[in-house]
Amino acid sequence: MGEDAFDVPVRGDGIRLGQFLKLANLIESGAEAKEVTSDGLVTVNGDVETRRGRQLAVGDVVALGGTAARVTAG
């Protein structure tokens, strides 16, 4: 799964899942982030993640709806 992910650079050491979903253009709003995470539609490194506030680190791969994005250092 990680091979098919596109890279999304972030500033600092990490980013919260909801913010990353917006930055990667996987969703359009914070409300949508809450909806897709609570519905169990988001995975982080292959595991379903229901906490939109989860802190991501460089190298993590987030997937939603068949599209995956990798956190990279910006």
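Modeller: Let's start with a pair: R51 and E49 join their side chains in a salt bridge, 2.8 Å from N to O. A salt bridge here is a side-chain nitrogen of Lys or Arg within 4 Å of a carboxyl oxygen of Asp or Glu. Keep in mind that this is a predicted model, where local features need pLDDT of at least 70, side-chain atom pairs count only at pLDDT 80 or more, and totals for chains, interfaces and linings use all residues. Residues are numbered from 1 along each chain as its sequence is written, and side-chain values use heavy atoms, with hydrogens and water left out.

Biologist: What is the general idea, and how many salt bridges does the rule give?

Modeller: Side chains of opposite charge can pair when their charged atoms come close. In this model the count is three.

Biologist: Is E49 buried or exposed?

Modeller: We call a residue buried under 20% relative accessible area, exposed over 50%, and partly exposed in between (1.4 Å probe, protein chains only). E49 is buried, at 5%, whereas R54 is partly exposed, at 23%.

Biologist: Which residue forms a salt bridge with D7?

Modeller: That is R70, with the closest N and O atoms 2.5 Å apart. D7 lies in strand 1 (residues 6-10) and R70 in strand 7 (residues 67-73), so this pair ties together parts 63 residues apart in sequence. Helices (H or I, at least four residues) and strands (E, at least two) are DSSP runs, numbered from the N terminus. D7 is partly exposed at 47%, and R70 is partly exposed at 21%.

Biologist: What does T72 touch?

Modeller: Contact means heavy atoms within 4.5 Å. T72, found in strand 7, is buried at 17%. Leaving out residues up to four places away in sequence, T72 touches D7, V8, P9, V10 and V58.

Biologist: Now a helix: which residues of helix 2 are buried?

Modeller: In helix 2 (residues 30-38), they are A33, V36 and T37. Seen down the axis, these buried residues fall within an arc of 95°, so they line one face of the helix; the arc is that of the directions from the helix axis to the C-beta atoms. On the other side, A31, K34, E35 and S38 are exposed.

Biologist: What covers the buried residues of helix 2?

Modeller: The cover includes helix 1 (17-23), strand 3 (42-44) and strand 6 (61-64). After helix 2 comes G40, with a positive phi near 75°.
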